[in-house]
Amino acid sequence: VAILMAVVVECEDFCKAYGQVGDSKEKVVDFDHTPVNFFGNRYHTYDVSLPVSEYKYKALSDAFCVAKLLYDEVKIEAADEKGDGWSSGKITRPGKCQGVIFYVDYLCRVSKEKATHQKDGVHYASITSSTASHRQVVRKLQSPTIVTEADVQKGATFFCKTSFDDDIHGIEDHCFAFKILK
């Protein structure tokens with residue numbers, strides 16, 4: 001089983017590196033950067049794959065599951081609780097919600113001695129790609145959202161809808177939708 005995990009982050013450095021170039025008129029020393037910004041301003045519509053340890057960020061949520069790839073059945077399923085495709089994670093720290101880091105946790109069959117999980121007599125160990133030695137995927141939010149300590153205390157929640165489909169239009173084979181309820 002491969003489990004797609006997500007963490008909501010404040011990532012000012014990443015947003016500066018993958019955001020608009022130039023001043024308010026999209027110019028740098030009078031050179032027009034509008035064509036560059038056509039792509040740079042769209043990082044909320046596609047992912048950036050890199051080791052996120054290259055940028056400072058602050059996790060605003062604990063990791064939560066957004067999808068599972070079941071090898072035995074060769075299918076992907078959303079990890080939603082209500083059957084509507086939306087999975088959720090509690091915002092646990094105040095800050096500016098600017099992006100989501102995605103990584104994969106793998107559950108692999110192992111010998112009994114190395115097992116961390118067991119189900120139906122089969123032994124599993126977890127391997128994660130959340131560490132600095134792996135690449136993760138970062139998706140900027142279209143509009144950053146400020147979450148205050150009061151919002152956290154009231155149960156602010158981040159929702160992610162994940163779709164995997166052959167008919168998705170765009171450059172990727174998946175689609176994410178996000179919302180935050182305070």
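What share of the 182 residues in the protein is buried? Hi everyone, let me start there: buried residues make up 37%, where buried means under 20% relative accessible area, exposed over 50%, and partly exposed in between, with a 1.4 Å probe and protein chains only.

A quick word on the model. It is predicted, so to speak of local features we need pLDDT of at least 70, and side-chain atom pairs count only at pLDDT 80 or more, while totals for chains, interfaces and linings use all residues. Residues are numbered from 1 along each chain as its sequence is written, and side-chain values use heavy atoms, with hydrogens and water left out.

Now the overall picture. The protein has three helices and 14 strands; these are DSSP runs numbered from the N terminus, H or I with at least four residues for helices, and E with at least two for strands. Of the contacts between residues at least 6 apart in sequence, 71% join residues at least 24 apart, a contact being heavy atoms within 4.5 Å. The accessible surface comes to about 11,000 Å², and 53% of that belongs to carbon and sulfur atoms, by the Shrake-Rupley method with a 1.4 Å probe, where for residues only the protein chains shown count as cover.

Strand 13 (residues 157–164) is joined to strand 8 by five bridges. Here Trp86 has Lys161 as its bridge partner, and Ser87 stands opposite Cys160. Towards strand 14, strand 13 pairs over eight bridges, and there Phe159 faces Lys179 as its opposite residue.

Finally, the surface. Which residues form a nonpolar patch there? They are Val21, Val28, Val29, Phe31 and Val36, with about 450 Å² of accessible area together. Val29 sits in the loop between strand 2 (27–28) and strand 3 (31–32), and Val29 is exposed, at a relative accessible area of 74%.

Thanks, and I'm happy to take questions!

Technical notes. Patch = residues over 30% accessible without salt bridge, like charges linked within 9 Å, V, L, I, M, F, W, Y side chains within 5 Å. Salt bridge = Lys/Arg side-chain N within 4 Å of Asp/Glu carboxyl O. Pairing = 2+ DSSP bridges.
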